[in-house]
Amino acid sequence: MTPSSRDPYPDALRAGALLLVVFGHWMATLPRLVDGVLVDTEHLLAAWDAAGWLTWIVQVVPLFVFVSAAVSADSVARRAAQGAQVQWWAGRALGLARPTLTYLGVLTAIAMFSWLSGGHLLAVFERSLTIHLWFLLMLLTVQALLPWSLRLDARLGLGAVAGLVVVAGILDIARAGATSIGALRTLGQLATERPAGIAWLNMLVVWLIPQQLGIAWKRGRFRGPATGAGLLLLGVVWLALAIAAGYPVAMVGVTLAGNNMLPPTLALIGVMWLQVGLVLLCEPLARRVLAGRAPAKAIAVLGALGMPLYLWHKLAELPAAWLGERLGLPIDAGLPGEAGFWLGRAGWIALCLVMVAPLLALVVRFELRRDRDVAATDRRVDVMLGGVALYAGLGAALGLGAWPGAAIGTVAVALASWRLRALR
């Protein structure tokens, strides 16, 4: 498929979202050195309270889900009409499993080498090298439900979005134990101070909201800059009310500054309104800018590099830290407000960029030499077994870190890749 045969706007949005996530992860990592030796990393949210507001910009996972649903809606609808939606999901799962297997395999080799050589850097980064795999688990889950989301849209239209928002609100209220109108004034504080309990269902419900919105956008149920401005206003009011009710400001999955992600809360939905509003508001100008051949080609390149960049960008922190440590570079720039902090952040990101470039070159070269046209199975038993293995592998790596999580994940994801293929 040539770049000109695709709608460049959704592709540009996805590429931009991935780049924001990558730079956000690098920005949030604060290396800590003692006597020139890296001993730990700190999260920006732990060092700077105002960083919570920045997460409203870099938390673009809802945008990615929104755009992915819009792009996939027509193909899933055709597959559903042919009874082939299971094979479509198997193809998506296989497309994620193969590059993830490469990443986990390399990470396993690095972990074993570090253990044998007595290296100290892996211990510092061990958990962070797999934490980003949560996104793949969430994306696989909501995409498995795309046919269901399409049916909801066909039957209820935007009412399906409203229904999911209501369910998410009920789950937050149940978590908070709010039994009166007055309790709603402190809903966020009450909810986030208590165990999630039944509100863990929002790990599914809330992430289905941008998917439902993406389908509705694709179907033309809302559009235009005026609607975008209205959604922006809704997002601002929504977030203001959420913060006033005691929800944390930060929109990422850490407990350092409160947690609106594990599970997702009503506050996170406010960011979704902002992002969808910006998509509509910027659409006319963006489409004019993207109409030329040069932007389309650039977006096609970024799209091709999207998955490798997302998978490998955290690993680039390992050689970046090694190089910074060896050369005595100011990768530990202290705290926000101290002299040189932001210059140190820029230097750290530059190091990560320098290190990720050769990684991407090697990975892309390897992937291009493999057979990329591997058909997915349409056998439900194989799809189920492959899916279970893939979830287990990603879960092990996510929960156990580089070691032994990556090793367990490598075996499970290899099994998934094998079961999800049409011919074995």
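Trainee: At what angle do the axes of helix α1 and helix α4 cross, and within what distance do they come?

Mentor: In this predicted model, the axes of α1, residues 8-28, and α4, residues 61-81, cross at roughly 155 degrees and come within 9 Å.

Trainee: Why is α1 called roughly antiparallel to α4?

Mentor: Angles over 145 degrees count as roughly antiparallel, and the axes of α1 and α4 cross at roughly 155 degrees, so α1 is roughly antiparallel to α4. The crossing in which α1 passes α4 is left-handed.

Trainee: Which residues of α1 and α4 meet, and what makes up their contact?

Mentor: From α1, the residues P10, L13, R14, A17 and L18 meet L63, F64, V67, S68 and V71 of α4, and the residues of this contact divide into 8 nonpolar, 1 polar and 1 charged.

Trainee: Why does D35 count as exposed?

Mentor: Exposed requires over 50% relative accessible area, and D35 has 77% relative accessibility, so D35 counts as exposed. D35 is placed in the loop between β1 (29-34) and β2 (37-43).

Trainee: What is the phi of D35?

Mentor: Although D35 is not a glycine, its phi is positive, at about 55 degrees, whereas most residues other than glycine have a negative phi.

Trainee: Which residues does a cis peptide bond join, with omega about -5 degrees?

Mentor: That bond joins L262 and P263, and P263 is placed in the loop between α12 (225-244) and α13 (266-289). The peptide bond from W403 to P404 is also cis, with omega near 5 degrees, and P404 lies in helix α17, residues 380-419.

Definitions and conventions:
Residues are numbered from 1 along each chain as its sequence is written. This is a predicted model: local features need pLDDT of at least 70, side-chain atom pairs count only at pLDDT 80 or more; totals for chains, interfaces and linings use all residues. Side-chain values use heavy atoms; hydrogens and water are left out. Axes are lines fitted to C-alpha atoms, for helices over the stretch in contact, and angles run from 0 to 180 degrees between N-to-C directions. Helices (H or I, at least four residues) and strands (E, at least two) are DSSP runs, numbered from the N terminus. Angles under 35 degrees count as roughly parallel, over 145 as roughly antiparallel, 65 to 115 as roughly perpendicular and the rest as oblique. A crossing is left-handed if the near helix is turned anticlockwise from the far one by less than a right angle, and right-handed if clockwise. Contact means heavy atoms within 4.5 Å. Ala, Val, Leu, Ile, Met, Phe, Trp, Tyr, Cys and Pro count as nonpolar, Asp, Glu, Lys and Arg as charged, and the others, Gly among them, as polar. Buried means under 20% relative accessible area, exposed over 50%, partly exposed in between (1.4 Å probe, protein chains only).
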